[in-house]
Amino acid sequence: MVNQKYLDKAEVLIEALPYIQRFNRKIIVVKYGGSAMTDEKLTRSVIQDVVLLKLVGFKPIIVHGGGKEISRWSEKLGIKPQFIDGIRVTDESTMEVAEMILNKVNKKLVAQIESLGVKAVGISGKDGQLLKTQRKYSNGKDIGYVGEVKSVCPKILQNLLEDDFLPVVCPIGMDDEYHSYNVNADDAACALAKAMSAEKLAFLTDMEGVYKDPKNPKSLISELHVREIDNLISNGNVGGGMIPKLLDCQDAIRHHVSRVHILDGRIPHCLLLEIFTNKGIGTAILGDEEKRFYEDK
Ligand SMILES: NC(=[NH2+])NCCC[C@H](N)C(=O)O
């Protein structure tokens, strides 16, 4: 008799087969942030997942934030945080620290990927003018060197993928005067996914996904059509932090990214569990014409 345990393991691999086939040579942009960045074990599992994606034929691109490192270092260096209407201002010295730390985090990720045998290149949005930015105002107020993406020049990423590198991008861009701007990492990931015509965009967050009712942890939505997003927001059903993310999802899908996944980065190997299984573990946001998996059955 064959041991069931072995059969189960083989099942898992077989379940992955159609996805490995379907996503071969396709681009997936992974926004890496939150707890998955601050915990060493989780970091390792994310890097392993991305390396595996790469080795089975995907073309992953990582976009990362700075985790808690930027505030930690600003404090250490005695830079006093300034706020305007409760919003943190990125002044010249905060921008300097942010850039230093993001570059440091970037190279650390590159080293971790390289240690698993995949060639990686770390760049910022300044390299090759990848992210051209303009100053972003918050309700008309100047909050310093916070930028929004004005345009993307994807050539550098295309070249890196062509040469089989795994690009790791930190979200700093430049304005027309070549000054650095801090860009929200979710927005940067979304802009890059659109410009690279990615198949998928995956956000690693500190939530399980999107809930129908945020007060009910059992109401996780597994599949969400993009047209349902407006209602979900206007009904007041999603928490403040999730709204800009959902708007990024909407924007990405309307610009031909096939699927966006909102995943719980606190779960080890959440990327593999989402991408190589039928049911996934987070919320998958689908184009309006796409059939739900459950209805297909
Ligand atoms: N949360 C979900 N329902 N995920 C379904 C994922 C299905 C498939 N593995 C994909 O990557 O597209």
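Trainee: Why is Asp164 called partly exposed?

Mentor: In this predicted model, Asp164 has a relative accessibility of 40%. Buried means under 20% and exposed means over 50%, with partly exposed in between, so Asp164 counts as partly exposed at 40%.

Trainee: Where does Asp164 lie, and what is its phi?

Mentor: Asp164 is in the loop between helix H6 (155-162) and strand E8 (166-170). Its phi is near 70°, a positive value in a residue other than glycine. Arg25 also has a positive phi, of about 65°, and is not a glycine. Arg25 sits in the loop between helix H1 (4-22) and strand E1 (27-32).

Trainee: What makes the pair Lys54 and Asp164 a polar contact?

Mentor: The side chains of Lys54 and Asp164 are joined at 3.2 Å. The cut-off for a pair of N or O atoms is 3.5 Å, so 3.2 Å falls within it.

Trainee: Is Lys54 buried or exposed, and how do you know?

Mentor: Lys54 has a relative accessible area of 11%. Buried means under 20%, so Lys54 is buried. The residue belongs to helix H3 (residues 40-55). Beyond its neighbours within four places in sequence, Lys54 is in contact with Pro60, Val118, Asp164, Phe165 and Leu166.

Trainee: Which residues does UniProt place under "binding site"?

Mentor: The unreviewed UniProt entry places that feature at Gly66, Gly67, Arg88 and Asn182. Of these residues, Gly66, Gly67, Arg88 and Asn182 are included in the lining of the largest pocket.

Trainee: Why is Asn182 called buried, and why is Arg88 called partly exposed?

Mentor: Asn182 has a relative accessible area of 18%. The limit for buried is under 20%, so Asn182 is buried. Arg88 has 38%, a value between 20% and 50%, so Arg88 is partly exposed.

Trainee: Which residues come nearest to the ligand?

Mentor: Of the 15 residues around the ligand, Ser222, Arg259, Glu274, Thr277 and Gly282 come nearest. Strand E15 (259-264) and helix H10 (270-275) each supply at least two residues of the shell.

Trainee: How much of the ligand does the protein bury?

Mentor: The ligand taken alone exposes 350 Å², and the protein buries 98% of that.

Trainee: What does UniProt annotate over residues 26-264?

Mentor: The unreviewed entry gives "domain: Aspartate/glutamate/uridylate kinase" for residues 26-264. In the model, that span is 38% helix and 31% strand, and its end C-alpha atoms lie 23 Å apart.

Note on methods: Residues are numbered from 1 along each chain as its sequence is written. This is a predicted model: local features need pLDDT of at least 70, side-chain atom pairs count only at pLDDT 80 or more; totals for chains, interfaces and linings use all residues. Side-chain values use heavy atoms; hydrogens and water are left out. UniProt positions are given in the numbering used here, feature names are shortened, and annotations may be inferred rather than shown by experiment. On a 1 Å grid over the protein atoms alone, a cavity is a set of points where a 1.4 Å probe fits but cannot get out, and a pocket is an open set with protein on both sides within 12 Å along at least five of seven lines; lining residues have an atom within 4 Å of a point. Buried means under 20% relative accessible area, exposed over 50%, partly exposed in between (1.4 Å probe, protein chains only). A residue is near a molecule or strand if one of its heavy atoms lies within 4 Å of it. Accessible areas come from the Shrake-Rupley method with a 1.4 Å probe; for residues, only the protein chains shown count as cover. Helices (H or I, at least four residues) and strands (E, at least two) are DSSP runs, numbered from the N terminus. A polar contact is a pair of N or O atoms within 3.5 Å; within protein, one must be able to donate a hydrogen and the other to accept it, and residues adjacent in sequence count only if both atoms are side-chain atoms. Contact means heavy atoms within 4.5 Å.
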